[in-house]
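Visitor: Can you walk me through this one? I'd like to start with the salt bridges.

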There are 2 protein chains.
Amino acid sequence: MFSFDKNEYLQRLQNVKAKMAERGLDVLLITDPANIAYISGYNSWSFYVHQMLVVMIDEEEPVWIGRFMDAISARKTCWLKHENIVGYSDNYVQSDVRHPMDFVAEELIKRGKGNKAIAVEMDNYYFTAQCFASLTKGLPNCKFTDAKGLVNWVRVIKSENEIALMERAARIMEKGMQDAINKCNVGVRECDLAAEIYRSFITGTEEFGGDYASIVPLMPSGENTGACHLTWTDRKYQEGETVVLELAGCHQRYHSPMARTIFLGTPTQKLADTAEITVEGLNKVLDFIKPGVTAEEVEAVWSDNLKKYGLFKESRIGYSTGLNYPPDWGEHTISVRPGDKTVLQPNMTLHIIPGMYFENYGVEISEAIRVTENGCKTLANFERKLFVK
Amino acid sequence: MFSFDKNEYLQRLQNVKAKMAERGLDVLLITDPANIAYISGYNSWSFYVHQMLVVMIDEEEPVWIGRFMDAISARKTCWLKHENIVGYSDNYVQSDVRHPMDFVAEELIKRGKGNKAIAVEMDNYYFTAQCFASLTKGLPNCKFTDAKGLVNWVRVIKSENEIALMERAARIMEKGMQDAINKCNVGVRECDLAAEIYRSFITGTEEFGGDYASIVPLMPSGENTGACHLTWTDRKYQEGETVVLELAGCHQRYHSPMARTIFLGTPTQKLADTAEITVEGLNKVLDFIKPGVTAEEVEAVWSDNLKKYGLFKESRIGYSTGLNYPPDWGEHTISVRPGDKTVLQPNMTLHIIPGMYFENYGVEISEAIRVTENGCKTLANFERKLFVK
């Protein structure tokens with residue numbers, strides 16, 4: 001399903017195993033669907049039941065463990081040998097008496113891993129407190145540590161093939177944002193704008209279709225524009241309202257996010273000024289980004305500019321993005337904020353989103369960028385301004 | 001944002017507190033976004049960062065705790081007093097040195113709950129292993145138990161207002177499935193069918209718009225129809241292929257799911273037979289369902305019918321559905337399978353989906369139903385057959 005050949009997966013696996021060796025790990029249990037996809041190619045909406053990719057330092061190939069009916073999807077989408085795809089029976093699903101991690105523990109014991117050093121993704125959405133409780137109970141002789149971010153940090157520098165998918169996502173982003181701005185008018189229901197956004201982003205272009213983004217269209221409007229993670233209602237847009245659109249083009253699970261703000265009517269001076277300050281700061285940030293600078297230095301460019309206007313923004317102004325599954329297109333590695341000392345390198349990809357949120361209004365103008373050899377380049381090419389209609 | 005008045009929320013809260021009292025709980029920490037919405041009205045795509053609704057047996061109102069920028073959304077969407085909406089600062093987000101549950105623990109201690117009986121949703125997606133580790137570390141004098149299903153089981157019987165939202169979702173389902181069947185043709189790209197599905201389901205009807213379903217369109221085709229949780233690609237449909245569509249109408253987060261199977265050309269006898277057996281069994285199940293029967297008795301009607309044909313289906317044939325957020329529209333309570341002794345009652349709502357999955361083909365024909373006073377009623381009204389085009 002993905003466009004990568006087996007060698008790219010093997011390289012990724014080798015990079016992960018190198019990190020495991022550094023940390024003295026025998027077994028890595030991967031729950032994050034993006035990390036599973038990154039290594040195995042597995043791609044299915046089955047993460048609502050428990051599943052696991054098991055990487056063993058001394059085994060050539062990982063083992064996929066999931067619900068038996070999803071093993072069919074695993075055989076269709078993964079490069080793994082079919083004997084390395086193991087299904088658990090349906091009576092483990094959402095049961096009060098057994099847990100899929102009981103099954104995983106038994107599988108590990110069978111494979112001689114009952115007394116090994118095991119790492120788990122402690123803060124991943126799909127690794128619940130019960131997963132850990134069941135695993136530690138089933139594997140009392142294993143030593144558990146946190147693998148938080150292990151695979152995510154391997155993913156942080158994209159290959160040329162990954163960049164190519166993100167570039168496609170960016171083409172979809174440009175087209176979709178233009179279609180959205182065209183459709184956004186006084187009297188249009190929010191749901192009808194959302195429908196047009198979905199239509200445009202999922203159709204994609206003639207050459208390549210769109211995939212579902214890991215976050216649905218975020219589109220607060222009017223007095224809700226400060227509430228940045230609201231979706232849509234049946235309400236009609238009114239004259240004099242702001243509409244914020246935070247969207248992402250997606251292709252084969254790779255994202256190119258972008259936000260723009262639209263005003264229906266004549267914007268207030270306050271809103272126009274906020275938008276101008278946002279664009280000014282964003283431009284300075286984009287001019288500054290290059291290999292060798294740190295994430296917190298990037299943030300300082302933004303906040304220094306804000307200070308000129310007596311403003312302050314608490315939240316981070318960006319994060320690593322690329323491959324992901326719901327509920328987030330962020331990669332949970334780099335956060336562009338004070339204290340993040342990550343040194344930027346070529347082919348890191350970030351969503352720079354210095355959203356300005358207040359109790360009853362807000363502005364979002366953002367760019368997804370790729371760090372290049374000597375600077376950065378936005379993935380999408382789209383006018384950076386407050387759109388007034 | 002939701003259509004419920006405060007009294008309905010207060011009734012729900014009282015029902016939850018009654019369950020807490022039965023179990024001797026002082027504090028219930030709710031992470032499941034559907035459970036949070038059910039009690040507080042909170043509705044925002046913010047569950048990708050940690051958040052919590054705190055129900056205290058001796059406090060009139062719950063307390064919402066989440067990221068400070070999402071506190072704005074909480075003030076917009078919840079019925080709670082604004083002093084009961086508490087935001088944590090942004091440096092807790094995806095940090096290596098602090099966790100939002102450290103903040104939650106401190107809040108609980110401040111409120112005098114540092115030595116109480118606390119229940120947490122151990123197997124909810126958004127209650128990670130790290131959430132539990134941080135909470136138990138921060139609250140060493142609390143006694144923790146599992147609240148798995150506590151609120152979910154309160155939700156299992158729908159109010160008339162909830163049924164009304166699900167009926168709206170069913171109207172959207174009927175229209176959307178018809179639009180999808182119309183669009184599904186040889187030569188159409190899978191992504192273009194997905195785009196049409198999104199457009200139709202999100203636009204909804206003239207009277208009420210669609211909300212995003214908690215699962216994206218599942219639409220395996222051709223040899224992948226046995227891999228039921230696959231989504232779509234850029235591939236074009238071919239003559240002689242089966243297309244499975246598992247979709248849901250959604251309105252204000254309430255779902256009405258349904259699956260249908262389409263054949264492009266003249267179906268093979270095997271496929272036609274499988275579809276006929278599925279419809280026959282589904283019809284028998286729908287005739288059987290009424291208050292007083294158990295979930296496993298419902299399943300037995302299905303499996304007895306299958307036995308006539310020498311067939312067997314391992315996976316459950318249905319589950320409770322209604323209000324939810326990604327990644328699932330199931331409610332994680334009733335599973336229609338052997339061993340589930342839940343006695344059906346009026347206004348329980350189930351998705352009956354006896355999908356037939358084989359290595360290289362599959363059929364899905366399903367119905368969402370409401371248990372009535374003396375039987376059951378499908379939410380949507382849509383022809384129950386294999387669609388041949």
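Visitor: What do the side chains of Asp179(B) and Lys175(B) form?
Guide: They meet in a salt bridge, 3.9 Å from N to O. Keep in mind that this is a predicted model.

Visitor: How far apart are Asp179(B) and Lys175(B) in helix 7 of chain B?
Guide: They are 4 residues apart in that helix, which spans residues 160-183, so about one helical turn separates Asp179(B) and Lys175(B).

Visitor: How many salt bridges over all chains?
Guide: The count comes to 50.

Visitor: And how many across the interface of chain A and chain B?
Guide: The rule finds 4 there. One of them pairs Arg75(B) with Glu359(A). The closest N and O atoms of Arg75(B) and Glu359(A) are 2.5 Å apart.

Visitor: Which helices of chain A supply at least two residues each to the side that touches chain B?
Guide: Helix 3 (68-77), helix 5 (129-138) and helix 8 (190-203) of chain A.

Visitor: What classes of residue does that side of chain A have?
Guide: There are 33 nonpolar, 28 polar and 22 charged residues.

Visitor: How many residues are in contact, chain A to chain B?
Guide: 83 residues of chain A contact 83 residues of chain B. The two chains bury about 6,800 Å² between them. Carbon and sulfur atoms carry 55% of that area.

Visitor: How many residue pairs are in polar contact between chain A and chain B?
Guide: The count is 58, with both residues at pLDDT 80 or more.

Visitor: New topic, the sheet in chain A. What is the strand order?
Guide: The order is 4-3-2-1-5-6. These 6 strands form an open sheet with mixed pairing.

Visitor: Which strands stand at the edges?
Guide: Strand 4 (85-88) and strand 6 (143-146) of chain A. Each has a single partner strand, so one side of each is left without a neighbour in the sheet.

Visitor: Do strand 5 and strand 6 of chain A run parallel or antiparallel?
Guide: Parallel, joined by 4 bridges. Strand 5 covers residues 117-120. Ala117(A) stands opposite Lys143(A) in strand 6 of chain A.

Visitor: Which strands does helix 1 of chain A touch?
Guide: Helix 1 (residues 6-22) packs on the sheet against strand 1 (27-30) and strand 2 (52-56) of chain A. Its direction makes about 70° with that of strand 2 of chain A.

Visitor: And helix 4 of chain A?
Guide: Helix 4 (residues 100-110) also packs on the sheet. Helix 4 touches strand 1, strand 2, strand 3 (63-67), strand 4 and strand 5 of chain A. The direction of helix 4 makes about 140° with that of strand 4 of chain A.

Terms used
Residues numbered from 1 in each chain as written. Chains lettered and ligands numbered in written order. Heavy atoms only, no water. Contact = heavy atoms within 4.5 Å. Buried area = accessible area lost by both parts, 1.4 Å probe. Polar contact = N/O pair within 3.5 Å; in protein donor to acceptor, adjacent residues only side chain to side chain. Nonpolar A, V, L, I, M, F, W, Y, C, P; charged D, E, K, R; others polar. Pairing = 2+ DSSP bridges. Axes fitted to C-alpha atoms, helices over the stretch in contact; angles between N-to-C directions.
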